[in-house]
Amino acid sequence: MLSDKLLKGLNEQMNYEFYSAHAYMAMAAYCSSESLDGFANFFLVQAEEERFHAMKFYNFINAMGERATIAGFDCPNNDFTSVLDVFEKALGQEKEVTKRIYQLSDVAWDEREHATINFLKWFIDEQVEEEDMFDSIIQKLKRIDNDSNAFFMLDNEFSKRSFSPESE
Ligand code: FEO
């Protein structure tokens, strides 16, 4: 049994993870439109990861004997000026997720709701990895600058990215 406040927060985060998937689909679409299929694949995989995250919330809410509530969400940003801009916006997206997970975790701690505290720990660790990943790609892109060979090598590297729930 969860408090109304915690259940509301868990449902909001589940829906925000679905929204994140949507935001990454918009980033994939921009990369596809620029014929950067590797970068597009990177964001399609990222969107899959976000749906996986959302389903972790869905399953947890169910396991706690509560009901998941599916909500709509705002239109994600579709305006990008470059691949660097896409990754900087992606990092901003992840920072927002981290902030929300921390706030939710604070509620769980206030209520001494240990199952939820334990559940959210996975997301706290995941956010460290996600922010680090986006930050290091941004650094790489800045270093590459106008080196088109290095840029297309990165595009090729990202074409191999795949999603595996087991590695999550
Ligand atoms: Fe589900 Fe990328 O945070």
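**Exercise 1. Determine how α1 and α3 are oriented to each other in this predicted model.**

Solution. The axes of α1 and α3 come within 11 Å and cross at roughly 175 degrees. Axes here are lines fitted to C-alpha atoms, for helices over the stretch in contact, with angles from 0 to 180 degrees between N-to-C directions. Helices (H or I, at least four residues) and strands (E, at least two) are DSSP runs numbered from the N terminus. Angles under 35 degrees count as roughly parallel, over 145 as roughly antiparallel, 65 to 115 as roughly perpendicular, and the rest as oblique. The pair α1 and α3 is therefore roughly antiparallel. By class, their contact has 16 nonpolar, 4 polar and 6 charged residues. In this division Ala, Val, Leu, Ile, Met, Phe, Trp, Tyr, Cys and Pro are nonpolar, Asp, Glu, Lys and Arg are charged, and the others, Gly among them, are polar.

The model is predicted: local features need pLDDT of at least 70, side-chain atom pairs count only at pLDDT 80 or more, and totals for chains, interfaces and linings use all residues. Residues are numbered from 1 along each chain as its sequence is written, and side-chain values use heavy atoms, with hydrogens and water left out.

**Exercise 2. Classify the packing of α2 against α4 and against α5.**

Solution. Begin with α4. The axes of α2 and α4 come within 12 Å and cross at roughly 170 degrees. That makes α2 roughly antiparallel to α4. Residues of α2 in this contact (heavy atoms within 4.5 Å) include Phe39, Phe43, His53 and Phe60. On the α4 side, the partners include Phe119, Trp122, Phe134 and Leu141. The residues of this contact divide into 15 nonpolar, 3 polar and 5 charged.

Turn next to α5. Here the axes of α2 and α5 come within 7 Å and cross at roughly 40 degrees. The two helices are therefore oblique to each other. The crossing of α2 and α5 is left-handed, a term for a near helix turned anticlockwise from the far one by less than a right angle, right-handed being clockwise. Asp37, Gly38, Phe39, Asn41 and Phe42 in α2 meet Phe151, Leu154, Asp155 and Phe158 in α5. By class, there are 5 nonpolar, 2 polar and 2 charged residues in this contact.

**Exercise 3. State whether threonine 98 is buried or exposed, and identify what it touches.**

Solution. Threonine 98 lies in helix α3. Its relative accessibility is 9%, so threonine 98 counts as buried. Leaving aside residues up to four places away in sequence, threonine 98 touches Gln127 and Glu131.

**Exercise 4. Examine the positive phi values of arginine 112 and aspartate 145.**

Solution. Most residues other than glycine have a negative phi. For aspartate 145, phi is positive and near 50 degrees. Aspartate 145 is found in the loop between α4 and α5 and is exposed, with a relative accessible area of 56%. The C-alpha atoms of aspartate 145 and asparagine 62, 83 residues apart along the chain, are separated by 47 Å.

How values were computed:
Buried < 20%, exposed > 50% of the residue type's maximum accessible area, 1.4 Å probe, protein only.
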